[in-house]
Amino acid sequence: MHKQLADGGLRAIDVIGDGNCYFRALSFCLFGHEQGHMMLRKTIVDQLFRAGNMLGGVAITCEELQKDDVRKQVAKLKEDGSWVGEDMILASAAHLQREIHVYVAMDGKTAAQNSPRIYSAPPSTAPVGSLPLLLAYYEPGHYRAVVKRYDQQYNNSVNSIPPAKQKST
């Protein structure tokens, strides 16, 4: 994956691997640091669980939002360290009004097969000309921020970020 990103003029920036890596990577893409991850988690989960939004391909109704299992799912997703799925990536794109491109590391695949998965905001909300947020997903479940390889804005701040610490088990 590193070669594929480098060939496209990009590089992956590691973030802390504590179950919040998706939101940490988003925070880094948006703000240049990881500290906004909990604010992003809360606001995007709130976005996902609004009446009329889609969850698992099904529109959420006001009645659904009152069910205990849905409330438990909302509470779980808001918890520090809980992992996310594609519904959360789509909710992120809608909330942030930006496309999110996710490069996925797949062993033995060519660069063409490793092209990013694109998650789009609804067409009516995405501002014209806004740049997509770029992430990389590494098995067995870690996201990293992706930035332009020679972007001076990130070269200074990134060099001072220590390597990600994995959550001990």
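**Working chat on helices and loops**

Q: Where is Gln97 found?
A: Gln97 sits in the loop between α6 and β4 (100-104), where helices (H or I, at least four residues) and strands (E, at least two) are DSSP runs numbered from the N terminus.

Q: Before I go on, what kind of model is this?
A: This is a predicted model, in which local features need a pLDDT of at least 70, side-chain atom pairs count only at pLDDT 80 or more, and totals for chains, interfaces and linings use all residues. Residues are numbered from 1 along each chain as its sequence is written, and side-chain values use heavy atoms, with hydrogens and water left out.

Q: What does the protein average in pLDDT?
A: The average is 78, and 73% of the residues score at least 70; pLDDT is the predictor's confidence in each residue, from 0 to 100.

Q: And where is confidence lowest, and where highest?
A: It is lowest in helix α7 (residues 152-159), with a mean of 44, and highest in helix α2 (residues 21-31), at 96. Over residues 155-169 pLDDT stays under 50, and the model has 19 contacts beyond four places in sequence for that stretch, a contact being heavy atoms within 4.5 Å. Where pLDDT is low, the predicted coordinates should not be read in detail.

Q: OK, back to Gln97: what is its phi?
A: Gln97 has a positive phi of about 55° although it is not a glycine, and this residue follows α6.

Q: How exposed is Gln97?
A: Gln97 is partly exposed, because its relative accessible area is 33%; buried means under 20% relative accessible area, exposed means over 50%, and partly exposed is in between (1.4 Å probe, protein chains only).

Q: Which residues of α6 are buried?
A: In α6 the buried residues are Met88, Ile89, Ala91, Ser92, Ala93 and Leu96.

Q: How do α2 and α6 cross?
A: The axes of α2 and helix α6 (residues 86-96) come within 12 Å of each other and cross at roughly 25°. Axes here are lines fitted to C-alpha atoms, for helices over the stretch in contact, and angles run from 0 to 180 degrees between N-to-C directions. The two helices, α2 and α6, are therefore roughly parallel to each other, given that angles under 35 degrees count as roughly parallel, over 145 as roughly antiparallel, 65 to 115 as roughly perpendicular and the rest as oblique.

Q: Which residues make that contact?
A: From α2 they are Tyr22, Phe23, Leu26 and Leu30, and from α6 they are Met88, Ile89, Ser92 and Leu96. By class, the contact of α2 with α6 has 7 nonpolar, 1 polar and no charged residues, with Ala, Val, Leu, Ile, Met, Phe, Trp, Tyr, Cys and Pro counted as nonpolar, Asp, Glu, Lys and Arg as charged, and the others, Gly among them, as polar.

Q: At what angle do α3 and α6 pack?
A: Helix α3 (residues 37-48) and α6 pack at an angle of about 95°, with their axes 9 Å apart, which makes α3 roughly perpendicular to α6. On the α3 side the contact is made by Leu40, Thr43, Ile44, Val45, Gln47 and Leu48, and on the α6 side by Asp87, Met88, Ala91, Ser92, Ala94, His95 and Leu96. By class, the contact of α3 with α6 has 8 nonpolar, 4 polar and 1 charged residues.

Q: Is His37 buried or exposed?
A: His37, which has its place in helix α3, is buried, with a relative accessible area of 8%. Not counting residues up to four places away in sequence, His37 touches Asn20, Phe23, Arg24, Ser27 and Asp80.

Q: Then how many residues of α2 are buried?
A: In α2, 9 of the 11 residues are buried, so this helix is largely enclosed by the rest of the structure. Among them are Cys21, Arg24 and Phe28. Just after α2, Gly32 takes a positive phi of about 85°.

Q: Where does Val15 lie?
A: Val15 lies in the loop between β1 (10-13) and α2, and Val15 counts as buried because its relative accessibility is 1%. The C-alpha atoms of Val15 and Ala25 are separated by 6.3 Å, although these residues are 10 residues apart along the chain.

Q: New topic: which residues does the cis peptide bond join?
A: The cis peptide bond joins Glu139 and Pro140, with omega about 10°. Pro140 is in the loop between β6 (133-138) and β7 (142-148).

Q: Last one: how many helices and strands are there in the protein?
A: The secondary structure comes to 7 helices and 7 strands. Of the 169 residues of the protein, 43% count as buried.
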